Every structure is written in C-alpha cells, then in structure tokens.
Amino acid sequence: MECVLELRAVSKHYASHHAVNGVSLNLARGEFFSLLGPSGCGKTTTLRMVAGFEEPTEGEIRLNGASIQHLKPYQRNVSTVFQNYALFPHLTVRDNVEFGLRRRAGNHIGDRVRDVLDLVQLAGKESRRPSQLSGGERQRVALARSLVLEPEVLLLDEPLSALDPNLRKQVRAELKAIQRRVGITFLFVTHDQEEALSLSDRLGVMNKGRLEQVGTPEEIYLHPSTRFVASFLGAVNWIGDVGVRPEAMRIAREPSRNGHRSRPATIVHSTFLGNCVHVDTRLSDGEPAVVEVSRLGETFAPGQAVHLWWEPADELRFDELHHE
Amino acid sequence: MNRLRAWFLAPTWITVITLFLAPLAIILGYSFLTRGIYGGITAPWTAESYQRLIDPIYLVILWRSFWVAGASTVLCLLLGFPLALFISRAGQHKNFYLGLVMLPFWTSFLVRTYAWMFLLRDTGLLNTLLEKLGLIHSPLPLLYNDGAVILGLVYGYLPFTVLPLYATLERLDRTLLEASADLGAKPWATLTRVTIPLSAPGIRAGAILVFIPCLGAYLTPDLLGGGKSVMIGNLIQNQFTTARDWPFGSAVSLVLMAIVMVLLFVIARGEGEDLL
C-alpha cells in the first residue's frame with residue numbers, strides 16, 4: 001500500500017487550548033479516508049494544517065515522502081473543497097474551474113475543463129455565475145475546481161453540510177462515484193457518522209484533539225476501541241461495563257435460553273419506524289435501554305415486564321486504562 | 001395610513017424643496033438672464049451664457065479640472081488601497097488606525113491647506129531645508145502649479161477613499177483568499193485576481209467620493225495653484241465676485257452638475273451589469 005499523505009505526531013496548540021494533540025495518520029493512494037468527530041474535536045484544524053492554512057505546533061506532515069508543513073498553501077499539491085464552497089462570486093463557472101490552471105501549460109486547459117465539467121455534470125452551465133447556481137451545483141463547481149488540478153490529496157471540509165437533507169444522500173453517492181473514477185485520494189472531514197460510514201474506505205474518529213481509532217467502517221462499528229467511539233458511531237446500551245448495540249438485542253417474555261445473556265426490563269414505549277421498531281425500555285437498575293427489532297412478534301404494552309437478551313459475541317468490551 | 005405617511009415625509013420634502021430644488025430653479029433661471037451692471041441679473045432672457053462656454057479659454061479650464069481631479073482620484077486610490085488593506089487586517093488595532101485616518105478632520109481644511117503653503121513656498125520649510133543641506137541653490141517651484149493642487153487634493157480627500165475601501169475589504173470573505181492560495185495563486189495573484197476585483201464597489205464609491213468634490217474644488221486650486229492653475233470651481237467663484245457675471249456663473253455651475261450626473265449615471269449602469 002503506497003502511502004501518499006503521512007501525519008507524524010502532529011499537534012496544534014493555541015494559547016487557550018490544544019486543538020490537535022499528537023495525531024498520526026497514513027493515507028494510502030486512492031483511498032477515501034474520513035475524519036469523523038463532534039464539532040471542536042480538531043478534525044477541521046487537522047485538515048487546515050494539511051492544506052497549509054495553519055502551521056502545526058509540533059510534528060511533521062509528509063506528502064509523497066517529503067515534508068510539507070512549512071510550505072505555503074500555494075506550494076502544496078493538495079486542494080480543498082470548502083464548507084461554504086468559497087467560489088469566486090465575480091467569476092463564471094468556467095473561470096472558477098480554470099482559476100488554478102492559469103499558470104500551468106496552455107493547450108489542454110480547454111479539454112481538461114470540459115472533461116471535469118462533464119464529470120460533475122455541469123456541462124452547459126459554464127458561463128453562469130455562482131449566484132445563479134443551486135447549492136448542489138455550487139458544490140460540484142467547488143469539486144471540479146479542485147479536481148481539475150489533479151491534487152495528490154483532495155481535502156473536503158464538511159462539503160455536504162450546507163445541502164438540504166434530501167439532496168445530501170444523492171450528492172453523497174455522486175461524490176463516491178466521482179472519487180472511484182478519478183482515483184484521487186480524498187481526506188473527508190465530517191461530523192455525520194452515516195456519511196463517514198457510507199463513503200469511507202477507512203475512517204478515523206477524533207475526540208478532544210486526539211485520534212481515538214482508525215479502521216474500516218465495519219471494524220470501527222463492530223469493534224470500537226473506546227467508549228467514545230462506540231457511542232459516537234451508532235447507539236449503545238450500557239449494561240454494567242459492556243455495551244450492546246440496540247439491533248443486537250431481543251425482547252422476550254421469558255429469560256434467555258442457553259448461551260444468551262439476559263436482563264429483566266420494563267417496556268416504556270415502542271415506536272414503529274417502518275423498516276424497524278424502536279422499543280424504549282428500562283432495566284431493573286433504572287438505566288434506559290433501546291432495542292431495535294425488525295418487527296415485533298407479539299405486542300408489548302407500556303409497563304409490561306420483559307427480558308432483554310443478547311449474544312455474548314455482540315458485547316462491546318473496553319479496557320480503557322488511560323481513560324480520561 | 002396615507003395621511004400619516006405624508007406627515008412623516010413632510011420634513012424630507014421641505015428640506016429637498018427649500019434647500020435643493022428651489023436654489024436649483026433660481027440658478028437655472030439666472031443662467032438664462034442677462035448680467036446686471038453691478039452684479040445681479042436683469043432682463044431679457046437669453047442663452048448667451050451657454051454659448052460663451054464654448055470659448056477655448058473655458059474649455060482649457062474644464063479640461064484642466066478633469067485631469068487634475070482624475071489624477072487626484074487615481075493617486076488617492078493608489079495610496080488608499082494599500083492603507084485600507086492594511087487597516088482591514090490590523091486585527092484589534094483597526095479602530096486606532098481608522099482614528100488616525102480621521103484625525104485631520106479635527107482641524108479646518110483651510111488651515112491645513114495654508115500649512116501646505118508654508119511647507120511648499122520658495123522660502124518654505126522644504127526649500128529652506130534643501131538649501132541648507134546644499135542640495136539645491138535656488139528654490140524649487142513647489143507651489144502654484146498643477147502638482148501642488150493635486151498634492152493638496154490628494155491630501156484632503158484621501159480619507160474619502162480609505163473609508164469605503166476599508167468597508168469593502170473588511171467584509172471580504174477570508175475563505176475566498178484561502179481558496180485562491182489553495183488553488184496555487186501567490187499573494188500578488190490573489191490580490192489582483194480576487195481581492196481587487198471583489199473590492200470594485202469600494203473602489204467605485206471611493207473614486208466617486210473623491211472625483212466629484214475634486215472636480216468642483218475651489219479652495220485648494222485657489223491657495224496652492226495661485227492664478228496659474230484655475231479650475232472650474234475658481235471660474236464659478238470668480239463670476240459671482242470680481243467678474244460680476246451671475247448668469248455665466250450659473251450656467252457654468254449647471255454644466256458642471258450635468259457632467260457629474262452623466263458620469264454617475266454611466267457608473268451606476270456599470271454597477272448594474274456587474275450584478276448580473
């Protein structure tokens with residue numbers, strides 16, 4: 001696996017707080033990598049250090065093996081798709097896309113711009129201004145403007161967050177398809193776990209400036225290494241020291257059969273969601289637990305005493321000695 | 001509802017009518033009358049004042065006014081843009097620097113223009129200093145020419161370019177500058193391809209705010225230009241005082257106003273196209 005971008009113990013300290021703390025990361029060429037975390041976790045600062053807008057306080061950033069952390073943004077062969085797209089309002093779609101090409105070799109500019117506009121399905125809208133485009137179209141112009149430069153790594157700072165929810169899923173699929181076609185390495189920053197899980201080849205979960213876990217979506221969802229990761233990606237019911245995902249739990253009138261764990265609980269409320277049913281329950285010790293089942297075999301009334309059971313293999317266990 | 005509206009608008013209308021439209025009508029009337037022997041106006045009605053304007057003497061003055069005002073505007077923009085850019089990025093010291101820009105307004109413009117005369121005249125500070133240093137043997141002609149007038153106008157009107165430019169640059173979306181650098185543009189390219197085009201409204205406002213008062217300037221060319229660098233403002237003033245030709249003075253005023261209005265109209269149309 002060829003490494004295109006490498007972060008070695010990168011930190012960014014401000015006077016008042018440590019935004020990023022010792023983040024180390026390797027991106028393989030052509031992969032779709034997401035940095036996932038709540039707002040303020042340091043993911044955007046990390047992205048901005050790779051782009052060159054912030055200089056790391058400590059650590060090293062290497063692009064194709066060469067240190068780049070002291071280079072200016074215009075000296076790095078990476079490109080950013082900004083959260084608000086940052087399209088130049090005084091330029092047309094074509095001029096926006098050509099902006100970064102101006103200083104490069106002449107003859108093929110027209111072809112490259114046409115190709116990339118075809119790729120993002122904006123052919124025919126070359127002479128429009130950004131103010132005449134829809135949100136989704138602006139997002140595609142921003143993408144085209146960066147892709148046309150064929151950067152080593154494309155940095156995307158929550159590029160879907162400004163779109164309305166209906167459009168977001170569609171654009172998500174398009175984004176993934178485009179990444180597959182061009183084969184450019186994507187570093188994608190988001191706070192949306194569904195986005196990160198559905199788009200990424202691998203993802204890293206950040207919390208309070210630290211990278212808590214790196215892995216494939218399956219690895220991280222099924223084997224989270226910390227309590228934070230477990231609860232940030234999907235829901236978890238905490239039963240003593242172990243966590244159990246709502247969809248791994250079952251509800252029955254009687255205690256478990258052999259080999260299953262079980263706990264007595266009381267039904268609080270059940271919600272029919274079409275493809276599944278959410279059942280809110282309360283364990284005997286008073287803690288809430290959510291069970292998600294595809295359909296209820298029998299009806300349960302609020303207040304009814306039941307048993308929740310699950311397989312030991314579905315338990316999430318953590319030995320966080322360094323837990324803060 | 002409409003009555004209430006009319007009452008609230010009344011002060012505006014009274015101001016516009018008594019302080020703007022009525023004087024304008026008087027000037028318009030004067031410009032078509034004949035000069036009185038001791039000033040003032042008298043019958044009959046005539047368009048003679050307008051016909052006299054075509055005289056090359058007045059066209060030269062008109063031309064000089066345009067180029068002095070134009071040169072002053074360009075210099076104000078060239079000096080004001082870097083200053084406004086600097087202030088807009090000065091962080092917490094912004095207000096201090098803006099205060100410095102406004103500071104000259106605390107003193108009368110007349111006094112400040114006199115100060116320039118003391119600096120620039122043959123026995124002034126600058127010439128004396130250069131002679132004492134042995135750099136020159138006879139005084140440099142610093143005063144009473146177009147250069148001195150332009151200097152005085154730039155000095156006086158620089159704040160009027162800095163303030164609108166500052167207002168535009170302050171609002172400029174910083175991520176656009178980051179995007180430009182991100183796409184490979186060096187700082188100078190970002191300045192010429194992003195910052196300056198996007199500050200066009202401020203540049204336009206600053207240019208208008210300087211060019212129009214410079215075109216009609218009277219005090220500065222009078223004091224720093226002497227009799228040698230006469231501008232339209234001096235011509236108008238002269239008609240109402242020593243020349244005692246009120247109709248001609250009125251006609252020149254109206255022509256100046258018409259030129260300014262045509263210019264504003266052209267600029268406003270350009271602005272409209274930018275928005276498309």
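What is the handedness of the crossing of helix 3 of chain B and helix 7 of chain B? In this predicted model, the crossing is right-handed. The axes of helix 3 (residues 56-88) of chain B and helix 7 of chain B lie 6 Å apart, and the packing angle is about 40 degrees. Angles under 35 degrees would count as roughly parallel. The pair is therefore oblique. By class, the contact of helix 3 with helix 7 of chain B comprises 21 nonpolar, four polar and two charged residues.

Helix 7 (residues 146-171) of chain B also packs against helix 10 (residues 200-215) of chain B. Their axes come within 8 Å and cross at roughly 160 degrees. This angle makes helix 7 of chain B roughly antiparallel to helix 10 of chain B. The crossing of helix 7 with helix 10 in chain B is right-handed. On the helix 7 side of chain B, the contact includes Leu153(B), Tyr157(B), Phe160(B) and Leu165(B). On the helix 10 side of chain B, the residues include Ile203(B), Leu209(B), Val210(B) and Pro213(B). Glycine also takes part, with Gly202(B) and Gly206(B) among the residues of helix 10 of chain B. The contact between helix 7 and helix 10 of chain B has 14 nonpolar and four polar residues, and no charged ones.

Chain B as a whole contains 13 helices and two strands. Its C-alpha trace spans about 75 × 70 × 35 Å along the principal axes. Of its 276 residues, 28% are buried. Among contacts in chain B between residues at least 6 apart in sequence, 69% join residues at least 24 apart.

Tyr144(B) sits in the loop between helix 6 (125-132) and helix 7 of chain B. The phi of Tyr144(B) is positive, at about 60 degrees, although the residue is not a glycine. Most residues other than glycine have a negative phi. Tyr144(B) has 19 other C-beta atoms within 10 Å and is partly exposed. A residue needs 20 or more such neighbours to count as buried.

Chain A has eight helices and 17 strands. The C-alpha trace of chain A spans about 75 × 45 × 40 Å along its principal axes. Of the 324 residues of chain A, 38% count as buried. Among contacts in chain A with a separation of 6 or more, 64% come from residues 24 or more positions apart.

The largest nonpolar core has 84 residues. Val50(A), Ala144(A), Leu155(A) and Leu187(A) touch the most other members. Helix 4 (residues 135-147) of chain A gives the most to this core, with five residues. Leaving aside residues up to four places away in sequence, Val50(A) touches Leu5(A), Ile61(A), Val78(A), Leu155(A) and Leu187(A). A second core is separate and has 36 residues. Leu143(B), Ala148(B), Val162(B) and Leu165(B) are among its members.

Two loop residues of chain A were examined. Leu133(A) lies in the loop between helix 3 (109-119) and helix 4 of chain A. Leu133(A) has 18 C-beta neighbours inside 10 Å, so this leucine counts as partly exposed. Not counting residues up to four places away in sequence, Leu133(A) touches Arg128(A), Arg138(A) and Val141(A). The C-alpha atom of Leu133(A) is separated by 9.3 Å from that of Val93(A), a residue 40 positions apart along the chain.

Glu150(A) is found in the loop between helix 4 and strand 7 (153-157) of chain A. The phi of Glu150(A) is near 45 degrees, a positive value in a residue other than glycine. With 14 other C-beta atoms within 10 Å, Glu150(A) is partly exposed.

The two chains meet in a contact that takes 17 residues from chain A and 13 residues from chain B. On the side of chain A that touches chain B, nine residues are nonpolar, five polar and three charged.

Technical notes: Residues are numbered from 1 along each chain as its sequence is written. Chains are lettered from A and ligands numbered from 1 in the order in which they are written. This is a predicted model: local features need pLDDT of at least 70, side-chain atom pairs count only at pLDDT 80 or more; totals for chains, interfaces and linings use all residues. A nonpolar core is a set of buried Ala, Val, Leu, Ile, Met, Phe, Trp, Tyr and Cys residues joined through C-beta atoms within 7 Å. A residue is buried if 20 or more other C-beta atoms lie within 10 Å of its own, exposed if 12 or fewer, and partly exposed in between; C-beta atoms are placed from the backbone. Helices (H or I, at least four residues) and strands (E, at least two) are DSSP runs, numbered from the N terminus. Two residues are in contact if their C-beta atoms, placed from the backbone, lie within 7 Å. Ala, Val, Leu, Ile, Met, Phe, Trp, Tyr, Cys and Pro count as nonpolar, Asp, Glu, Lys and Arg as charged, and the others, Gly among them, as polar. Axes are lines fitted to C-alpha atoms, for helices over the stretch in contact, and angles run from 0 to 180 degrees between N-to-C directions. Angles under 35 degrees count as roughly parallel, over 145 as roughly antiparallel, 65 to 115 as roughly perpendicular and the rest as oblique. A crossing is left-handed if the near helix is turned anticlockwise from the far one by less than a right angle, and right-handed if clockwise.
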